[in-house]
Amino acid sequence: MSERAGKRWWIALVACWSLASAAAAQPAPPAADSPAVRAALALPRTEPRHYVQTAIVLLDLGATEEATQLVQELVAKDPSAAQLAELVSQVGTGQLSRLAVALPEAAPLARRAIAAAAAAATSPERLGRLVERLAGEREQAVDAIRELRATGRKGAEFAAQQLREAADPTVRARLREALVALDPISRPLIYEATLSEDPNVSNEGAYALGRLAELNRIRSRLPAALVVGAALRGSEPARWAYSRLADEPLTIPSAERLLDTAIEELLAGGRLFSDERDDSPGVSRRLAAQLARERWRLDERVESTGRLAAALMLEAGDRTANEIAARVGVSGVLQAALDNGLHLAAVRAATALGNEGGESVVATRGLRPAPLVAALESPHPAVRYTAAKALVAINPQQPYSGSSLLIDTLLYFARSQGEQRAVVASPQLARAAATAGWLAAGGYAATPANRGAAAVDAAAESPDTQLVLIDQSLSLPGARETLFRLRRRPQTALVPVGLLAAEGRLADAQRLAEEHDAVVAVARPHSVDATVSLAERLAELRPDGWPDASVRLRWASEAREAIARLVDQGPDFYAWSRRSEDLVGVLGFGSDGQSLSTLAQLGTPESQARLVDAATLAARGVDDRRAAADAFAKSVDRFGVLLTTDQIREQYVRYNASETAPEATQQVLGRVLDTIEGARR
């Protein structure tokens, strides 16, 4: 449509509005008979805005049916993303939102249009044009910065990327000014630019921080810590920024104090940015890693700073961490990671220790277990499993402090069934059972409990526990103590918990929830949807690296393999016979050859009884029963008959009762008796 035709169309639309206003003072005829409605419908409709604007007029005229028809026509035309983005710029989000509220048929179209407009506003092409305008006249650059601000984080991130790539100093300076103007959205990007290995980028970051200080926008000592290392190395931009950010002279001792304080604050958590960015924890860890490396550079004789630096750098994925770790010792780095809750770093350090091998990693000085053994009590399941895997690979042949923790850890992970398990605790068992049933709709197999102690035990027993729901009125012990017990056990320390508040007591529950991480206080759910929604909310609180069902099943298989190897080949100080009941419980009835072999090698009364039961259980296939009978024979051949007199008598009863059973069954039962009688002879 030409510009002249567009003006004529707009004049006609205004005329329709005038007719509508005039008609408002007269008795209203049926909408379809209104001259204003007929005039609006007679207007040409060649662009999406024509449909929307006419539909708005029809709504004002009370012609809802006709407006709906126009919207349906527009939807049928399936406008492109570019057309929808232009539609928003022409009619505005307010008009589209009004149309969506009045006509449900228009809601999907309005959502698509607003999303298309947002995407177009932050497209690389548009952002690139805005950045190009930064190098123009001052007024043009100011307008470009204003438009970049409207794009939010994407605009700031694009400007930061261009700063890293720009070769022209003038362009870099303009991009830096843009990032300063985009504060606080751009603050994390300025922080990270300041610590860049590229001197051009780090200089611009330092200038930006100094400028923010001049604008009185800095409220913490962290920015001074970000520039202090470069300032000590003689960087003029960093020295200038430090002079505006810090309140003390630049010296080695003052730099050390500043860096130590900043690292401690970053590790303590808390809100780092005023706009509550979702990635604040990740940015904090990356900044802490870079500051710790600066601290290590100031005095490489202090191994504790090197260990922390390497741990933080491992957490951030910095490969140069291996160089520092090699100098200060990987075990020390692992301990630093455990002490500071750096779970990813702990996994990487434990993996490195397992690959290195050597029994020296489990050697101790004093009563404290070695870091690799201490990792078996980490609150993160990935750290515990990786440490166990490393110890199995190292396979120490001499007793070491905490060796029993390895057995506990392997047995724990071997129990996984790959389920999504939950525990629901309420003083009223019926309420707990109802909530557990509602969780089933979300894919959880939930265990109800009516005592706090039972809930803690049930949650800690299974490696498949994904969440726990605790009623605020729980007793034996109460909700507060139950929460503390859950957080004290490694198996449940990071499992998300929902605290279910009684009516009128939500505020009390929220105060209790704030005492712990990954605890959410909500009113008691009274429907399937509310319960499933709570479970989804809690699932988002699981830390990075939390194992999914497929990973847990793989770990269980590997743990059973490790158990079989240790039972068969030793060393003896693990004393598996003392854990016979636990081991038999994990291996079950010997569902595979490996489990049967392990039961045979264990050589305890419990393991032989389980093999006999596996051989005589009618529900099992005859091939499985023959394999169990063979495993029982191997166990008897090595350890003798360990069954009690009553258990032996029971086997004779079973055999005598099998007269009508299939011949194969009689043969298996006879084989068991032959083994027992042969050992007696």
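**Exercise 1.** Work out which strands helix 26 lies across.

*Solution.* Helix 26 (residues 479-488) lies across strand 3, strand 4 (497-501) and strand 5, at about 165 degrees to strand 3. Helices (H or I, at least four residues) and strands (E, at least two) are DSSP runs, numbered from the N terminus. Angles run from 0 to 180 degrees between N-to-C directions, with axes fitted to C-alpha atoms, for helices over the stretch in contact. A quick note on the source: this is a predicted model, where local features need pLDDT of at least 70, side-chain atom pairs count only at pLDDT 80 or more, and totals for chains, interfaces and linings use all residues. Residues are numbered from 1 along each chain as its sequence is written, and side-chain values use heavy atoms, with hydrogens and water left out.

**Exercise 2.** Find the strand order of the sheet, then its edges.

*Solution.* Start with the order: five strands make an open, parallel sheet, 2-1-3-4-5. Next, the edges: strand 2 (445-449) and strand 5 (519-523) each have a single partner strand, so one side of each lacks a neighbour in the sheet. Pairing here takes at least two DSSP bridges between two strands. Finally, zoom in: strand 1 (residues 421-425) pairs with strand 3 over five bridges, and Arg-421 stands opposite Thr-465 in strand 3.

**Exercise 3.** Decide whether Ser-462 is buried or exposed, and find its partners.

*Solution.* Ser-462 sits in the loop between helix 25 (452-461) and strand 3 (465-471). Its relative accessibility is 14%, so Ser-462 counts as buried (under 20% relative accessible area; exposed is over 50%, partly exposed in between; 1.4 Å probe, protein chains only). Leaving out residues up to four places away in sequence, Ser-462 touches Tyr-412 and Arg-421 (heavy atoms within 4.5 Å).
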